[in-house]
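The following note sets out a reading of the model shown below, arranged as numbered points.

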Amino acid sequence: MTQDPDPELVDAATLPGVPDGFQRLWTPHRMAYIQAGPQPLRDECPFCAAPEKSDADGLIVARGRTAYALLNLFPYNSGHLLVCPYRHIATYDQATDEEVAEIGALTQQAMRVLRTVSRCDGFNIGMNQGAVAGAGVDEHLHQHVVPRWSSDANFFPIIARTKALPQLLGDVREAVAGAWGA
């Protein structure tokens, strides 16, 4: 005896539109970022707010005396870290010698940890100073540490403006924070 198909189920091929050969990668979590526009998810500085939270809630992987490292909430790649001074300053030339030294030391440690945790092949490291230079949060200095793999570039970012991230932020934070002191 055969059962009739569930009337609630619909064959996608019968839906309106022109079928194509593309698979869809749904990333609804990105809507918060997209809808927020140029001031993503904040009424206050996210880099001043993060240290006031628990490490897990603030995505912080390491705390120093004058600076700290945290995961980027909207990463370019899995493991994309930011190194920030605690002090609310906008540009690198406003940082003290101590802040510059600690930002450098945290960046070096981030590279070591990411190589261990994610086996990355290289890094993009940099600071965008000011909105005109591409800083999403231009009023608080932060340095990007973006792990790269020889095979991480594909058509998604170019054609679909979509980045496939294979790990959840919480899982990445646990792995990086756990390996930081090792």
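**Note on the sheet and its packing**

1. In this predicted model, five strands build an open sheet whose order is β1-β2-β3-β5-β4, with antiparallel pairing. The edges are formed by β1 and β4 (122–126), each of which pairs on one side only. From one strand to the next, the twist averages 20 degrees. Helix α4 packs on this sheet and touches β1, β2, β3, β4 and β5, and the direction of α4 makes about 15 degrees with that of β5.

2. The sheet belongs to a protein chain with 6 helices and 5 strands. Read from the N terminus, the order of elements is α-α-α-β-β-β-α-β-β-α-α. Of the 182 residues in the protein chain, 34% are buried. Among contacts with a separation of 6 or more, 61% are between residues 24 or more positions apart.

3. The antiparallel strands β2 and β3 are joined by 5 bridges. Leu70 has Leu82 as its bridge partner in β3, and Leu71 has Leu81. Towards strand β5 (residues 143–148), β3 makes 3 bridges, and this pair also runs antiparallel. Here the bridge partner of Leu81 is Val145 in β5.

4. How many of the residues of β3 are buried? The count is 5 of 5, and the strand is mostly covered. Leu81, Val83 and Pro85 point one way from β3, whereas Leu82 and Cys84 point the other way; all are buried. In a regular strand, side chains alternate between the two faces of the sheet.

5. Strand β5 is likewise mostly covered, with 5 of its 6 residues buried. The link between β4 and β5 consists of 5 bridges, and these strands run antiparallel. Gly126 has His144 as its bridge partner in β5.

6. Which residues of α6 are buried? They are Val172, Arg173, Val176, Ala179 and Trp180. Because these residues cover an arc of only 145 degrees around the axis, they lie on the same side of α6. An α-helix has 3.6 residues a turn, so residues three or four places apart point the same way. The exposed residues Glu174 and Gly178 are carried by the face of α6 turned away from its buried side.

7. The surroundings of α6 can be stated next. Its buried residues pack against α3 (55–58), β1 (60–63), β2 (67–71), β3 (81–85) and α4 (97–118). The helix lies across β1, β2 and β3, and runs at about 25 degrees to β1.

8. The largest nonpolar core has 24 residues, of which Val61, Leu81, Leu114, Val145, Val176 and Trp180 touch the most other members. At least two residues of this core come from each of β1, β2, β3, α4 and α6. The greatest contribution is that of α4, with 6 residues. Leu114 touches Gly79, Leu81, Arg119, Cys120, Phe123, Val145, Pro147 and Val176, if residues up to four places away in sequence are not counted. Another core, of 9 residues, lies apart from the largest one; Cys45, Phe47, Ala50 and Ile60 are among its members. In soluble globular proteins, nonpolar side chains tend to be buried together.

9. A last point concerns Ser78, which is found in the loop between β2 and β3. Is Ser78 buried or exposed? Ser78 counts as buried because its relative accessible area is 10%, the cut-off being under 20%. With neighbours within four places in sequence left aside, Ser78 is in contact with Pro147, Trp149, Leu165, Pro166 and Gln167.

Key. Residues numbered from 1 in each chain as written. Predicted model: local features only at pLDDT ≥ 70, side-chain atom pairs only at ≥ 80, totals over all residues. Heavy atoms only, no water. Buried < 20%, exposed > 50% of the residue type's maximum accessible area, 1.4 Å probe, protein only. Helix = DSSP H or I, 4+ residues; strand = E, 2+ residues; numbered from the N terminus. Arc of directions from axis to C-beta. Contact = heavy atoms within 4.5 Å. Pairing = 2+ DSSP bridges. Axes fitted to C-alpha atoms, helices over the stretch in contact; angles between N-to-C directions. Core = buried A, V, L, I, M, F, W, Y, C linked by side-chain atoms within 4.5 Å.
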